[in-house]
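I wanted to go through the aromatic rings of this model and look at how they pair. Notes follow in the order of looking things up.

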Amino acid sequence: MKKVTFSGEARTERHFSALLLPHLLMSSNFAGFRALFEELKLCEGEEFDADDIEIVAELNPIRDIAARTDEFEHEEALSERQGQVVSDLFLRMGDSALVIEAKFFTHPSASKVADQLKAQREAIEKVLPRTQYNGCRFHYLALTVEELVDLGDGDTNSNMKSITWSRVISVLKPVVDVDGGRDTVYALGKLEDAVERAKKRPAREEGRCRSINELLEKAPWLLEEGYRYIGFKGGEGALANATVKDMENRDHYKYSSRKSKNWVPLHSVISHYLKKKTAV
C-alpha cells in the first residue's frame, strides 16, 4: 500500500501560487515568466528585460503602502478584516503588470472571483499615485482548475481575464523543463498531480434553499452567480422519477457552482417540477 505524503495531499492554495508557480516562473532565467506574459499577450512589441521584473506573493497594497503613511489607516484595518484585496501574485515586466487571484481546491462562481478581482483592482488604484506604477498597464487574472465563464464586468475591453492551471502548466512546461532540472520536474509534477486531485474532488456545497418554492424564487440570482447545480441523491435518474410531493417535501436543496456525482443542472430541477406541477 502506497503511503501518503504531505506534498502529495497538500491543498492550501498558497502552496501552489506562492511556492511552486513562482519557482517555475523564475526558472531558466525567467523563461516561464516571459512565456506566461506572451500567452496572455501582455508584452507584445516589448523587449524582455530580466532586470526589470517583479514578483510579489500575497500582495496587500493598502496595508503595505499604508505602512508609509497614516492616510490609509481606515482602509488598512478594513483590508485586514476582509482579505479581499490581497492578491496571490503580482507580476510586472516593464510597463505590463499582472495581478493573479489563484484558486485550487475551491470552486467559487465566476461572479465571486470577479468581485475579488475588482476589490484588488480598486485597492491598487487607491495607492497607485504613491507608487512608480502610474504608467503601467494593469491586468487581472483568475487562475482556476476549471474554466470560468462570464468573467468580467460587462466591458468587452475589460482588463480581467481567466486561465486554467492546466493551460498555464502546458505553457510553462516546454520552456522551463528543457534541461530536465530536478527542481522544475518536481514543481511541474506536483502541480499536475494537484490538478488531477482537484478535478476529482466532489462538488462543495455552497448554500441551500429550504424549499422548492425558495429555489424557484432564487433561481435567477443563482444562475447569475454561477450556482448552476443542485444536489439530488441518485442524480438525474432519481429526479426523473420524483413526484411533485417528493419535491415539495424535501427539507432543503443544496446548490453549487460545480457539477459532480448526484449534482444535476438547476434548470433540470426547475423544469421537471413545473412540468409535473402543471400536470396535476
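I counted aromatic pairs and got 11. The rule takes rings of Phe, Tyr and Trp (its six-membered ring) with centres within 6.5 Å; planes under 30 degrees apart are stacked, over 60 edge-to-face, and the rest tilted.

I looked up Phe16 and Phe105: the centres are 6.2 Å apart and the planes stand at 45°, so this pair is tilted. The pair joins distant parts of the chain, 89 residues apart: Phe16 is in helix H2 (residues 13-39), and Phe105 is in the loop between strand E3 (96-102) and helix H5 (110-127). Helices (H or I, at least four residues) and strands (E, at least two) are DSSP runs numbered from the N terminus. I found both Phe16 and Phe105 buried; buried means under 20% relative accessible area, exposed over 50%, partly exposed in between (1.4 Å probe, protein chains only).

The model is predicted: local features need pLDDT of at least 70, side-chain atom pairs count only at pLDDT 80 or more, and totals for chains, interfaces and linings use all residues. Residues are numbered from 1 along each chain as its sequence is written, and side-chain values use heavy atoms, with hydrogens and water left out.

Next I checked Phe33 and Phe37, a stacked pair with 4.9 Å centre to centre and 20° between the planes. They are four residues apart in helix H2, so about one helical turn separates them. Phe33 is buried at 1% relative accessibility, and Phe37 is buried at 0%.

I also noted one aromatic cluster, formed by Phe16, Phe104, Phe105 and Trp165.
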